[in-house]
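Subject: Handover of a structure and its computed description

Dear colleague,

Please find below the structure that I am handing over to you.

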Amino acid sequence: PRAGTAPSLSIEENLCMALRRGKPRRLALGVNAARRRTVTENLCLVEMGLETRLKTQVSKLSGGQRQAMSLLMATIAQPRLLLLDEHTAALDPKVAATIMQLTDRLVTERRLTTLMVTHNMDLALRHGNRLIMMHAGRIILDVQEDEKRQLTVPGLVQKFHEVAGEAFTTD
């Protein structure tokens, strides 16, 4: 959660910087009325009350609030690809569930192509429409949405052992 934000800047400053991602930069105000409105509207989606704390320094936020902000910052400028690398790993289970709900909502509403890297097999099965499992840098399993819906964590582990088989004995 700490890596995705500038802790000494305010909530609105962080998000206004993210709004400008991929656009030409010039000398101008980072925060203006139009950007503040956009930031406030987007913060309402997070449902953590951050829209009323625009001037709060990010260092004062909890890990979950920072992670929600990082996710919002990553999606606010409509990226072509959203890469999520263990984005709930450092959070307690309740906060992680909240972040995953926010992730699902943002990905769906903004129609974002997303690649989520996770070691949590339950998350891998419950989210997304395709599951690709890798071992030793190679794709060893590619499960499409229909088959994925039928799998359980023990079933996925079994499938992994079936396809990885010798990979465990040769390493």
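The model is predicted, so local features are given only at pLDDT of at least 70 and side-chain atom pairs only at pLDDT 80 or more, whereas totals for chains, interfaces and linings use all residues. Residues are numbered from 1 along each chain as its sequence is written, and side-chain values use heavy atoms, with hydrogens and water left out.

Overall description

The chain has 8 helices and 4 strands; helices (H or I, at least four residues) and strands (E, at least two) are DSSP runs, numbered from the N terminus. Read from the N terminus, the order of elements is α-α-α-β-α-β-α-β-β-α-α-α. Along the principal axes, the C-alpha atoms fill a box of roughly 60 × 35 × 30 Å.

Of the 171 residues, 35% count as buried; buried means under 20% relative accessible area, exposed over 50%, and partly exposed in between, with a 1.4 Å probe and protein chains only. The chain exposes about 10,700 Å², of which carbon and sulfur atoms supply 53%; these areas come from the Shrake-Rupley method with a 1.4 Å probe, and for residues only the protein chains shown count as cover. Among contacts (heavy atoms within 4.5 Å) between residues at least 6 apart in sequence, 58% join residues at least 24 apart.

Helix contacts

Two packed helices are described by the angle between their axes and the distance between the axes. Here the axes are lines fitted to C-alpha atoms, for helices over the stretch in contact, and angles run from 0 to 180 degrees between N-to-C directions. Angles under 35 degrees count as roughly parallel, over 145 as roughly antiparallel, 65 to 115 as roughly perpendicular and the rest as oblique.

Helix α1 (residues 11-19) packs with helix α2 (residues 33-46) at about 105 degrees, the axes being 10 Å apart. The two helices, α1 and α2, are therefore roughly perpendicular to each other. On the α1 side the contact has Ile 11, Glu 12, Leu 15, Cys 16 and Leu 19, which meet Arg 35, Arg 36, Thr 38, Val 39 and Leu 43 in α2. By class, the residues of this contact divide into 6 nonpolar, 1 polar and 3 charged. In this scheme Ala, Val, Leu, Ile, Met, Phe, Trp, Tyr, Cys and Pro count as nonpolar, Asp, Glu, Lys and Arg as charged, and the others, Gly among them, as polar.

Helix α1 also packs with α3, at an angle of about 25 degrees and with the axes 8 Å apart; α1 and α3 are therefore roughly parallel to each other. The crossing of α1 and α3 is right-handed; a crossing is right-handed if the near helix is turned clockwise from the far one by less than a right angle, and left-handed if anticlockwise. Ile 11, Asn 14, Leu 15 and Ala 18 of α1 make the contact with Met 69, Leu 72 and Met 73 of α3. The contact of α1 with α3 has 6 nonpolar, 1 polar and no charged residues.

The axes of α3 (residues 63-75) and α4 (residues 93-109) come within 10 Å and cross at roughly 15 degrees, which makes α3 roughly parallel to α4. This crossing of α3 and α4 is right-handed. Gly 64, Gln 67, Ala 68, Leu 71, Leu 72 and Thr 75 of α3 form the contact with Val 95, Ile 99, Leu 102, Thr 103 and Leu 106 of α4. The contact of α3 with α4 divides into 7 nonpolar, 4 polar and no charged residues.

Loop residues

Glu 47 lies in the loop between α2 and α3 and is exposed, with a relative accessible area of 62%. Its phi is positive, at about 55 degrees, although Glu 47 is not a glycine.

Met 48 is found in the loop between α2 and α3 and is partly exposed at 26% relative accessible area. Leaving out residues up to four places away in sequence, Met 48 touches Gly 64, Gln 65, Ala 68, Thr 98 and Ile 99.

Ala 136, in the loop between β3 (130-135) and β4 (138-144), has a positive phi near 55 degrees and counts as exposed at 66% relative accessibility.

His 119 sits in the loop between β2 (114-117) and α5 (121-126) and counts as exposed, at 71% relative accessibility.

With kind regards
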